[in-house]
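Colleague: Hi! Could you walk me through a couple of strands in this one?
Modeller: Happy to, let's start with what counts as pairing.
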Amino acid sequence: MSQPSGGRAPGTRIYSWSCPTVMSPGEKLDPIPDSFILQPPVFHPVVPYVTTIFGGLHAGKMVVLQGVVPLDAHRFQVDFQCGCSLCPRPDIAFHFNPCFHTTKPHVICNTLHGGRWQREARWPHLALRRGSSFLILFLFVNEEVKVSVNGQHFLHFRYRLPLSHVDTLGIFGDILVEAVGFLNINPFVEGSREYPAGHEVPCSHALPQGLSPGQVIIVRGLVLQETKHFTVSLRDQAAHAPVTLRASFADRTLAWISRWGQKKLISAPFLFYPQRFFEVLLLFQEGGLKLALNGQGLGATSMNQQALEQLRELRISGSVQLYCVHS
């Protein structure tokens with residue numbers, strides 16, 4: 001019922017913050033450090049497909065699978081493996097196996113350990129259909145993996161092997177894969193449990209209670225092929241935007257924009273490239289907010305507490321496809 005896996009625990013990540021500095025107009029950006037780069041998405045891979053998961057799996061990581069179920073599909077499987085050896089066969093921490101050949105399509109989940117399958121679990125009422133496209137999200141939290149299909153929670157499965165041993169993804173069977181994406185951990189809240197969901201752009205997200213110290217805004221997505229700009233703005237009841245984060249693709253700069261249009265450039269690698277995932281996190285504290293991109297802290301900007309409390313809307317626009325907007 002599956003295919004390949006070995007094991008490796010990812011290292012501990014430490015986040016530090018520094019104040020952003022203004023860059024001179026002619027200053028060139030440094031090459032992107034490896035620590036800033038999310039694993040790039042894979043488009044239209046040939047199945048069977050096996051790939052390394054950069055950094056392994058850990059609580060807070062998500063894997064996005066988009067594709068189509070062929071009209072004559074019998075079954076397919078997505079395996080989160082502990083390595084990629086062929087002999088001996090690797091352990092499979094989480095085996096996700098949709099079956100279409102029975103009168104009642106269903107999903108089988110299981111774990112392969114030491115060459116032996118453990119007790120399988122079945123879920124009926126499969127939300128996948130032959131001939132239909134789908135979006136499956138695997139969200140790995142502290143004790144279990146949660147799976148949503150087309151935006152709706154479908155199942156959760158408790159780990160039977162350590163999550164830290166998983167470093168390989170395998171896809172096999174009757175499936176046409178359009179894209180596989182990997183999204184990273186939230187550096188502010190370990191083991192964040194929010195489900196990502198697709199959003200149309202431009203996107204408006206209400207903040208009925210304003211913002212308070214300790215609150216985090218998360219924006220995850222994919223930069224489109226045709227790029228213009230990407231903007232995250234926070235607005236008050238009068239539709240004023242006391243603070244805006246803007247990525248400009250024309251001059252490859254990232255900056256804070258004040259309510260009066262003043263620009264404060266952020267000294268950091270420019271991460272917003274076509275067909276690449278990104279993760280923006282804003283942490284609100286007394287006196288302002290901190291910024292992290294792709295899990296790396298980039299500093300802060302000041303903002304008084306009264307202004308924070310009066311914010312009522314998060315607005316996102318630009319050349320991106322959004323997977324998650326959470327506050």
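Modeller: Two strands pair if DSSP finds at least two bridges between them. Keep in mind that this is a predicted model.
Colleague: Good to know. Which residue in β5 stands opposite Q81?
Modeller: That's I92. Q81 belongs to β4, residues 76-81, and β4 is joined to β5 (residues 92-99) by 4 bridges, running antiparallel.
Colleague: And what does Q81 stand opposite in β12?
Modeller: T168. β12 covers residues 168-173 and pairs with β4 in the antiparallel sense over 6 bridges.
Colleague: How many of the residues in β4 are buried?
Modeller: 6 of its 6, so to speak, with buried meaning under 20% relative accessible area.
Colleague: Which residues sit on each side of β4?
Modeller: F76, V78 and F80 are on one side, with Q77, D79 and Q81 on the other, and both faces are covered. In a regular strand the side chains alternate between the two faces of the sheet.
Colleague: Switching topic, what is the strand order in the open sheet of 6 strands?
Modeller: The order is β14-β23-β16-β17-β18-β19, with antiparallel pairing.
Colleague: Why is one side of β14 and of β19 left without a neighbour in that sheet?
Modeller: Because β14 (203-206) and β19 (263-265) stand at the edges, and each has a single partner strand. On average, neighbouring strands of this sheet are turned by 20 degrees against each other, ignoring direction.
Colleague: Nice. How many bridges join β14 to β23?
Modeller: There are 4, and the two strands run antiparallel, with β23 spanning residues 311-318. For C203, the bridge partner in β23 is I316.

Key. Residues are numbered from 1 along each chain as its sequence is written. This is a predicted model: local features need pLDDT of at least 70, side-chain atom pairs count only at pLDDT 80 or more; totals for chains, interfaces and linings use all residues. Side-chain values use heavy atoms; hydrogens and water are left out. Buried means under 20% relative accessible area, exposed over 50%, partly exposed in between (1.4 Å probe, protein chains only). Axes are lines fitted to C-alpha atoms, for helices over the stretch in contact, and angles run from 0 to 180 degrees between N-to-C directions.
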